[in-house]
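Subject: Structure handover

Dear colleague,

Here is the structure I promised to pass on to you. Please open it beside this message, and then read the notes that follow.

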Amino acid sequence: MAGIFFQKREVVVPGQLLAEGRYRSSAGTYDADGKVFSALVGLAELRGNTVKVVPLEGVYIPREGDLVIGTVVMVAGNNWRIDIGGPYQGSLHANNALRRPYDEDISKYYDIGDVLVCEVLAFDRTSGPFLSMRGRGLRRLTDGMVLDVSPAKIPRIIGRRGSMINMIKDHLRIQTIVGQNGRIWIRSPDVETERLAIRAFKMIEDQAHTSKLTDRVNSMLREESTKLKGTGGGPKYVAEAKDNDDMEDNNDEY
Amino acid sequence: MSTEKRPDYLISPEGLRIDGRRPDELRPIELEVGILKKADGSASIRQGKTYIMAAVYGPRELHPKHLTLNDRAYLRAVYRMATFSVPDRKKPAPSRREREISMVIANALEPALFLEEFPRTVVDVFIQVIQADGGTRCAAINAASLALADAGIPMSCLVPAVAVGKADGKLILDLGDAEDKYGQGDVPMAILPNTEEITLLQQDGKFTKEELLEAIGMGMTGCRYIHELQKEALKKAYAKRAPEGAGEEEEDLGEYDDDMEADLGESDLPEEDE
């Protein structure tokens with residue numbers, strides 16, 4: 001019997017039969033004798049004739065081209081070892097970060113504890129991930145804060161073509177960089193706005209598997225930011241915020 | 001020493017067991033997923049008086065490094081009994097029995113997991129027996145497999161497990177402590193329900209060939225029932241995490257073309273260019 005055995009965006013469990021017949025298995029599913037089964041707890045979806053399961057939990061597994069936020073944990077010769085969360089430690093070679101000629105002691109440039117925005121250059125089963133800092137907006141972060149969320153929720157935080165993250169930025173006039181590894185950098189003009197931003201991100205993280213989330217976050221932010229304005233705290237437009245506009249554009253690609 | 005005595009009979013003249021169960025009846029089972037905040041995945045099981053918690057961490061960086069496998073993740077299961085889990089205080093040092101059961105549990109779970117997706121890492125499974133009343137290794141497998149699913153580890157299916165034993169010459173399902181101690185044998189087993197493969201089969205005591213085959217059949221039926229309970233517990237845990245009011249929304253999910261479908265697709269699926 002061919003067909004589909006799940007509702008759109010249904011919560012499925014490992015081993016559950018999802019489809020049989022001319023359907024193709026992809027991320028989060030596996031194929032056995034022409035039947036597609038779920039391999040994860042997640043939300044089942046069908047696009048064309050491809051079945052996939054969007055995970056609700058999971059660690060960060062690097063992919064080429066990902067934008068990540070990491071912390072330097074070791075300086076090893078001409079490499080920095082970077083904690084990007086998840087099981088794999090990143091490696092950033094000085095050639096991919098500095099303009100030549102550079103000093104032999106590369107800890108002059110970035111040292112243990114520094115927080116860097118990098119891109120994943122290469123990653124495969126046997127080696128890596130190798131990181132790079134050549135690119136617009138890839139730099140060391142010296143102010144603001146970094147918020148940790150579950151990497152599985154990042155696509156939802158960014159939203160379709162950046163709809164969610166742009167909506168949050170428009171409301172709060174903050175600067176953010178969203179790393180695919182579940183780290184979000186936030187710089188905001190005052191503490192109240194920063195707290196509100198954290199609340200919005202945590203709300204998305206908690207409710208990532210529900211629908212019409214953009215609308216709910218939107219109304220929460222509208223309500224709360226008018227309250228802030230009332231107390232005089234509120235988001236004020238800071239001229240300096242323009243500086244990094246080009247860097248923020250990085251996020252819109254996701 | 002506890003002063004427990006052998007009961008006069010394990011199967012009463014009416015054909016019922018000491019706790020009033022029929023021979024092929026399981027003890028009441030309660031499964032709960034996501035009980036520990038700090039673990040990547042967790043689950044607990046109550047099966048009769050047995051109470052076990054399982055926590056999963058990872059995939060994460062493997063220490064010590066020399067255990068690294070280059071083609072897949074290393075599955076490290078640790079089964080431990082609390083000192084207060086049995087009538088006579090258990091010595092806190094890890095025993096031979098605990099090491100053996102840890103290995104047996106890892107071997108029972110591994111065939112279900114797609115560990116090759118995370119080479120050079122480790123998946124840690126910690127199993128803590130809070131109260132032991134027979135059937136702990138099977139209950140531990142039931143809980144550990146839920147905790148692995150909760151941690152987002154890809155797997156072909158959940159792994160249910162149950163023990164079949166023999167008391168007063170009759171085959172009985174899901175042994176309690178007294179039946180385990182004073183019965184004539186014990187066959188713990190775990191299966192992959194989708195393919196009906198057996199991933200754990202041990203035997204203790206004497207069984208004829210016919211008895212063993214019948215025991216395996218009884219175990220299969222028991223496992224299939226436990227598998228249903230596992231699926232239910234997992235779905236319940238995720239339904240509960242939905243916010244208030246989301247219940248109604250979920251019904252009309254199909255009508256809304258909200259942003260979820262497209263946005264996850266774009267960033268999540270590099271292999272789509274085939």
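In chain B, the buried residues of helix α1 pack against β4 (74-81), β5 (121-131), α2 (136-150), β6 (161-167), β8 (185-192) and β9 (197-201). Please keep in mind that this is a predicted model. The buried residues in question are B:Ile101, B:Ser102, B:Val104, B:Ile105, B:Ala108 and B:Leu109. Helix α1 of chain B itself covers residues 96-109, and its 14 residues reach 20 Å from the first C-alpha to the last, which is close to the 20 Å expected at 1.5 Å a residue.

Turning to chain A, the domain assignment gives domain 1 (3-55), domain 2 (67-141) and domain 3 (145-252), and the C-alpha centres of domain 1 and domain 2 lie 37 Å apart.

On the α2(A) side the contact is made by A:Met164, A:Ile168 and A:Leu172, and on the α3(A) side by A:Thr193, A:Leu196, A:Ala197, A:Ala200 and A:Ile204.

Helix α3 of chain A (residues 191-206) also holds A:Phe201. Is A:Phe201 buried or exposed? A:Phe201 is buried, because 23 other C-beta atoms lie within 10 Å, where 20 or more are required. Leaving aside its neighbours within four places in sequence, A:Phe201 is in contact with A:Leu147, A:Val149, A:Ile157 and A:Ile184.

Methods. Residues are numbered from 1 along each chain as its sequence is written. Chains are lettered from A and ligands numbered from 1 in the order in which they are written. This is a predicted model: local features need pLDDT of at least 70, side-chain atom pairs count only at pLDDT 80 or more; totals for chains, interfaces and linings use all residues. Domain bounds come from an automatic or database domain assignment. Helices (H or I, at least four residues) and strands (E, at least two) are DSSP runs, numbered from the N terminus. The expected span of a helix is 1.5 Å times one less than its number of residues. A residue is buried if 20 or more other C-beta atoms lie within 10 Å of its own, exposed if 12 or fewer, and partly exposed in between; C-beta atoms are placed from the backbone. Two residues are in contact if their C-beta atoms, placed from the backbone, lie within 7 Å.
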